[in-house]
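Biologist: Could you walk me through the packing in this one? I'd like to ask some things as we go.

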Amino acid sequence: GIDFAVADLGLAEFGRKEIRLAEHEMPGLMELRREYAEARPLHGARVAGSLHMTVQTAVLIETLVSLGADVRWVSCNIFSTQDHAAAATVVGPHGTAEEPKGVPVFAWKGETLEEYWWCTEQLFKFTDEAGNVVGPNMILDDGGDATLLVHKGVEFEKTGVVPTVEDEDLTVSDEYRIVLDTLRRSLAEDPKRWTTVASDVRGVTEETTTGVHRLYQLAEQGLLLFPAINVNDSVTKSKFDNKYGIRHSLIDGLNRGTDVLIGGKVAVVCGYGDTGKGSVEALAGQGARVIVAEADPICALQALLEGHQVARLEDVIGQADIIITATGNKDIVSADLMSRTKHQAIIANVGHFDNEIDMAGLGRYPGIRRLNIKPQVDEWVFPDGHSIIVLSEGRLMNLGNATGHPSFVMSNSFANQVIAQVELFTKHEEYNKDVYRLPKILDEKVARIHVQALGGELTKLTKDQAEYIGVDVEGPFKPEHYRY
Ligand SMILES: O=C(Nc1ccc2nc(N3CCOCC3)sc2c1)c1ccc(CN2C(=O)C=NC2=O)cc1
């Protein structure tokens, strides 16, 4: 039997139903299963995955398995696991709760940090045919925690010492102390463990900006232990996540959270990058009058040419019925600004991190009262009696008040992941210990599959036309620096 740690295998039946529905909305992954079914290019791959254990991720996992991979999985966030998806992934399409035949998953919603890092450590305990514990030879990462554990492990094996952090050394986070304790324990068991793991790993494919940033830092310091593919910067990943994912789930989150009519209202969107563009389009589509706040003159000009007023947040906050932050920056909406909103104005964040809205400052505002309406929806009442409705406690509301990106959007992201896993596993000799993006032709391949799935008919260039613009008939159609 397989090893695993999930909340409740009894949820597997529900999870399997939602996985089946999601497969229909994830044509990218299902097409890759068909295309690679024969070749099984990931036969022999042992993939350690650290990525939100959701219904969509279950489809990704089962795609890797159908391409021949052996997989172990954890979530990369202590709250993001959908327990029914985790259960269904362990049971598998042909197993039962009594006799699971799926994939070892170590994830449940609401893990403590100690549990989170214990789960992550389980990723590295594959067993080979002879029943020996072996490590992965591929990593699929989101945020870089699996990659971090290997790199820190190797670093401490080199010196033979895992630093003990003196309690008064407050600069070190509690989480880092947990990582050190995890490594100290594992080094005591086997002082060469992580060096062995690292030597087996052919490469890592990374999902998000945070993880990609960490990889570039390791590469710059010459510390990267294996090649990495930056999946985040595939056009069919980040632009689609940010623009089309948010365009869908911003409205979903607002409706589930407040059921407020958006038509006829004034919405202020801070930030007009891909996420802001998706947010503005969705709100304008519902009949809101949208005002954009932007620091970048190019993005601001784009907003104006789309017919939206561009103003400073502090000048228009009093007119706003709905305030959305999508800047990827911090300290966008202060408590003082929130004290000047209309009564029952709604504020929500869909930006990169959780620090766009100053929740700490709001909690310290003199005389403020917090009234919880329902999970992820709070009314904060100011001394003057007016209130503001805050969604997801200022954190990403598309996750807290809705269900994240829709399956079709994740199909694009995860098709890039599968292609990147196949690329690194089968051609790892062609890669140095550096960070790479997928070639544009593969980005286009992901797009082709999804165009076809939506019934689009691509126009074929004649040889003459292709030569005229200096491209191959089959692509790539744009230069590397092209901005879509
Ligand atoms: O982060 C994700 N999800 C998440 C869900 C709930 C949640 N609750 C939280 N808290 C904070 C403390 O107080 C209690 C509540 S944090 C948190 C995070 C997440 C990101 C990307 C994808 C990628 N993705 C999709 O978007 C769709 N399918 C996917 O795999 C998923 C989840």
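Predicted model: local features only at pLDDT ≥ 70, side-chain atom pairs only at ≥ 80, totals over all residues.

Modeller: Residues are numbered from 1 along each chain as its sequence is written, and side-chain values use heavy atoms, with hydrogens and water left out.

Biologist: How many aromatic pairs does the structure hold?

Modeller: Rings of Phe, Tyr and Trp (its six-membered ring) pair if their centres lie within 6.5 Å; planes under 30 degrees apart are stacked, over 60 edge-to-face, and the rest tilted. By that rule, the number of aromatic pairs in the structure is seven.

Biologist: What is the geometry of the pair formed by Phe-106 and Trp-118?

Modeller: The centres of Phe-106 and Trp-118 are 5.9 Å apart, with 80 degrees between the planes. That makes the pair edge-to-face.

Biologist: Is Phe-106 buried or exposed?

Modeller: Buried means under 20% relative accessible area, exposed over 50%, and partly exposed in between (1.4 Å probe, protein chains only). Trp-118 has 36% relative accessibility and counts as partly exposed. Phe-106, at 2%, counts as buried.

Biologist: Which ring does the charged end of Lys-478 sit over?

Modeller: A charge sits over a ring if NZ of Lys or CZ of Arg is within 6 Å of the ring centre and within 35 degrees of the ring normal. For Lys-478, the distance to the ring centre is 5.0 Å. The ring belongs to Tyr-482.

Biologist: How do H5 and H7 cross, and what is the hand of that crossing?

Modeller: Axes are lines fitted to C-alpha atoms, for helices over the stretch in contact, and angles run from 0 to 180 degrees between N-to-C directions. The axes of H5 and helix H7 (residues 174-189) come within 10 Å and cross at roughly 40 degrees. Angles under 35 degrees are roughly parallel, over 145 roughly antiparallel, 65 to 115 roughly perpendicular and the rest oblique, so H5 is oblique to H7. A crossing is left-handed if the near helix is turned anticlockwise from the far one by less than a right angle and right-handed if clockwise; here it is right-handed.

Biologist: At what angle do H6 and H8 pack?

Modeller: Helix H6 (residues 145-159) and helix H8 (residues 193-200) have their axes 8 Å apart. H6 is oblique to H8, and H6 passes H8 in a left-handed crossing. The angle is about 130 degrees.

Biologist: Which residues does Asp-233 touch, not counting residues up to four places away in sequence?

Modeller: Asp-233 lies in the loop between strand E8 (228-230) and helix H10 (235-258), and is partly exposed at 34%. Contact means heavy atoms within 4.5 Å. The residues touched by Asp-233 are Val-212, Ser-238 and Arg-437.

Biologist: Which helices do the buried residues of H2 pack against?

Modeller: Seven of the ten residues of helix H2 (residues 27-36) are buried, so the helix is largely enclosed by the rest of the structure. Among them are Leu-29, Met-30 and Tyr-36. Their partners are helix H1 (12-24), helix H3 (55-66), helix H17 (407-426) and helix H18 (440-453).

Note on methods: Helix = DSSP H or I, 4+ residues; strand = E, 2+ residues; numbered from the N terminus.
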